Amino acid sequence: MGKPVGAVLSAVAILRYLAAQPAPAPNNQIARSLDLNVSTCFNILKTLAGEGLVSFDPASKTYMLGPGLVELASGALDQVGYLRLVHPELERFAAHWRVTTTLWLRVSRSRVLLVDLSQSGSVVQIHMRVGQRLPILVGALGRCMAGYADFRPEELRAMYAELRSDNLPPFDRFLAEVEDARRAGYAVDRDHFVRGITTISSAVLDTAKRPILAISAVALSAQCPPDSTADMGADLRETTQRIQALLAGAPLRLGT
């Protein structure tokens, strides 16, 4: 193995740092946190921005992960067949239940990235953008992820306190719903993350039982009566279990 290239190591460290942040960060903060020279950090950020891997906001003079990373992540998944494997399942679920079905990839300890979706044939559809990043604990997805992620109790409480939603449940209720999701294999969030929206999610685990992907069904609450959510959740659980079995021979290890 050759000698590691310092600039490359610094660039990777910057990307990982930005992935873990809940908000865009300025150059000085990034450099200080990573013990980098401010000028060196700025030049690396400028290069990453030029390649689309980082986005720069000139108004706030801050940086965040850029859309180029979505292309790389999607390409990596597709190259080994993950997107080709999962997408037909998204299409089947969306068509059968007439909901938007989304695939989320865990890209860091605290964030997930939307890497694929399938729209239903419904007249009214919920629009979401591939490349969208969310805190890992949001909505039904968060209940599923928290049920298997190795978060320390104090870390989980701190992450939950940072969430912004229309109707955030108390933390104790969140914990109870995490346990419910672990037992059932899926979680339901109705009107808490966004009023009028219901999400149903199930996690895909690697061979070490860590959450690496999640599939979420998203629908207007008015179009998703409570008596149908159990059937949808069971279908979603069976879907993620099939995907898990297919991935078992080549586990995905991203965002650890």
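This is a predicted model: local features need pLDDT of at least 70, side-chain atom pairs count only at pLDDT 80 or more; totals for chains, interfaces and linings use all residues.

Residues are numbered from 1 along each chain as its sequence is written, and side-chain values use heavy atoms, with hydrogens and water left out.

**Exercise 1.** Find how many helices and strands the protein has, and what share of its residues is buried.

*Solution.* Start with the DSSP runs: helices are H or I with at least four residues, strands are E with at least two, and both are numbered from the N terminus. The protein has nine helices and nine strands. Next, burial: buried means under 20% relative accessible area, exposed over 50%, and partly exposed in between (1.4 Å probe, protein chains only). Of the 256 residues, 49% are buried.

**Exercise 2.** Check whether the length of helix 9 fits its residue count.

*Solution.* Helix 9 covers residues 226-247, which is 22 residues. The expected span is 1.5 Å times one less than the number of residues, so helix 9 should span 32 Å. Its end C-alpha atoms are 32 Å apart, which agrees. Buried residues of helix 9 include Met232, Leu236 and Ile243.

**Exercise 3.** Which residue pairs with Glu89 in a salt bridge?

*Solution.* A salt bridge puts a side-chain nitrogen of Lys or Arg within 4 Å of a carboxyl oxygen of Asp or Glu. The side chain of Glu89 meets that of Arg242 at 3.0 Å, N to O. Here Glu89 sits in helix 5 (residues 82-97) and Arg242 in helix 9, 153 residues apart. Glu89 is buried at 16% relative accessible area, whereas Arg242 is partly exposed at 35%.

**Exercise 4.** Are Arg143 and its salt-bridge partner Glu177 buried or exposed?

*Solution.* First, the bridge: Arg143 and Glu177 meet at 3.0 Å, N to O. The pair links helix 6 to helix 8 (residues 171-184). Both Arg143 and Glu177 are buried. Helix 6 (residues 139-148) has nine of its ten residues buried.

**Exercise 5.** Which side chain makes a polar contact with the side chain of Ser216?

*Solution.* Locate Ser216 in strand 9 (residues 211-220). At 4% relative accessibility, Ser216 counts as buried. A polar contact is a pair of N or O atoms within 3.5 Å; within protein, one must be able to donate a hydrogen and the other to accept it, and residues adjacent in sequence count only if both atoms are side-chain atoms. The partner is the side chain of Ser201, at 2.5 Å.
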